[in-house]
Amino acid sequence: PKKIVVDCDPGLDDAIAILLAAGNPDVEIVAITTVAGNQTIEKVTLNARQVCTLAGLRGVPVAAGAAGPLVRDQTLAAEIHGDTGMDGPAFIPPAMETDPRHAVDLIIETVLAHPGEITLVPTAPLTNIALALRREPRIAELVKEVVLMGGSYTRGNITPAAEFNIHADPEAAAVVFSAGWPLTMVGLDLTAQAAATPELLSRIGALGTSVSRFVVDLLDHYNANVGKVHGAMATIHDACAVGRAIDPSLMEVTPAHVEVELRGTATYGMTVTDFRGRSGPANTSVATKLHTERLWDLLISSLETIAAA
Ligand code: BDR
Ligand code: CA
């Protein structure tokens, strides 16, 4: 299986992303690292440990990383993910401690230990990834690839121009997009095709297991909050990035030059995407079209595998 490191901020959709990876035979989660984003570093790390416990990921280290962005003031997403960062399902007493290493150290160690083999899957603000690049620039050559959830080429969700993970730490995102490594951007244009529809919820609910109950409780809450804030159905953003890492053919991508806007007042944190290549050579594979049913089939089969373990 492909070795992946999930750098996340659970986060309702981050939780689904972890479960999707945990139950899939084609990927092996070698580490989970956390970063402040949807909620504080303490809360998202506790949530990651709960999800790992539910998924049976006992031997996988969970390490906490950056408590805030590099330059800008911190923003959280409590209105979507709640006060705990994972409101909805019942609390799961974690079966493992937080790893004593800093997330940035664990990311670097893991990449150096498996040269050319690690796929980084960031589903959160890019603070840890930028810090890891600065601390050990060789990781840019030594990772297999980076598949991140963040950005968009049409519209934002936090501002008209910017998506949350990029807007929460634009300077870090700028480091990550300019690192010259193989990078796939799974942004809002793609994840808009992964709505948590009533059909999906009833398919998951029909599994009738404790893990499916957790996911349904979580998605009910997610849908309710996104309905209140955006007047729309929730989309399971972060699972799309894991889906791409599992099976690249789940989505279509187009190469483009992507630059993160750091100086605009209305556009701070925008991923300015040039499909024409006029502003520079392509540095990103930009995900455009999702084979939605195939992603949900993978999710269902992961949830079945976890329940059977
Ligand atoms: C991203 O922002 C977070 O709230 C979600 O977990 C996802 O990673 C979507 O914009
Ligand atoms: Ca996230």
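**A chat about the fold**

A: Touching means that the C-beta atoms, placed from the backbone, lie within 7 Å. This is a predicted model, where local features need pLDDT of at least 70, side-chain atom pairs count only at pLDDT 80 or more, and totals for chains, interfaces and linings use all residues. Residues are numbered from 1 along each chain as its sequence is written, while chains are lettered from A and ligands numbered from 1 in the order in which they are written.

Q: Where is H102 found?

A: H102 is in the loop between α3 (78-81) and α4 (103-113). Helices here are DSSP runs of H or I with at least four residues, strands are E runs of at least two, and both are numbered from the N terminus.

Q: OK, zooming out. How many helices and strands are there?

A: The protein has 13 helices and nine strands. Its C-alpha atoms fill a box of roughly 50 × 45 × 35 Å along the principal axes.

Q: Why does the radius of gyration agree with a compact globule?

A: Because a compact globule of 309 residues would have a radius of gyration near 19 Å, and the protein has 17 Å. The radius is taken over C-alpha atoms, and the globule rule is 2.2 Å times the number of residues to the power 0.38.

Q: What share of the residues is buried?

A: Buried residues make up 55% of the 309. Also, among contacts with a separation of 6 or more, 82% are between residues 24 or more positions apart.

Q: Which residues touch the most other members of the largest nonpolar core?

A: I18 and L19, in a core of 107 residues. α1 gives the largest share of this core, nine residues. A nonpolar core is a set of buried Ala, Val, Leu, Ile, Met, Phe, Trp, Tyr and Cys residues joined through C-beta atoms within 7 Å.

Q: What does I18 contact, then?

A: Ignoring neighbours within four places in sequence, I18 is in contact with V6, C8, P10, I32, V51 and A55. As for α1, eleven of its eleven residues are buried.

Q: New topic: which residues are closest to ligand 1?

A: G11, D13, A77, F164 and H237 are the closest of the 15 residues around ligand 1. A residue counts if its C-beta atom, placed from the backbone, lies within 6 Å of the molecule. The elements giving two or more residues to that shell are α1 (12-22), α7 (164-167) and α12 (237-246).

Q: What about D238, buried or exposed?

A: D238 is buried, as it has 32 other C-beta atoms within 10 Å. D238 is in helix α12, and the residues it touches include G11, D13 and T123, not counting those up to four places away in sequence. The C-alpha atoms of D238 and P10 are 9.8 Å apart, though 228 residues separate the two along the chain.

Methods: Buried ≥ 20, exposed ≤ 12 C-beta atoms within 10 Å, placed from the backbone. Contact = placed C-beta atoms within 7 Å.
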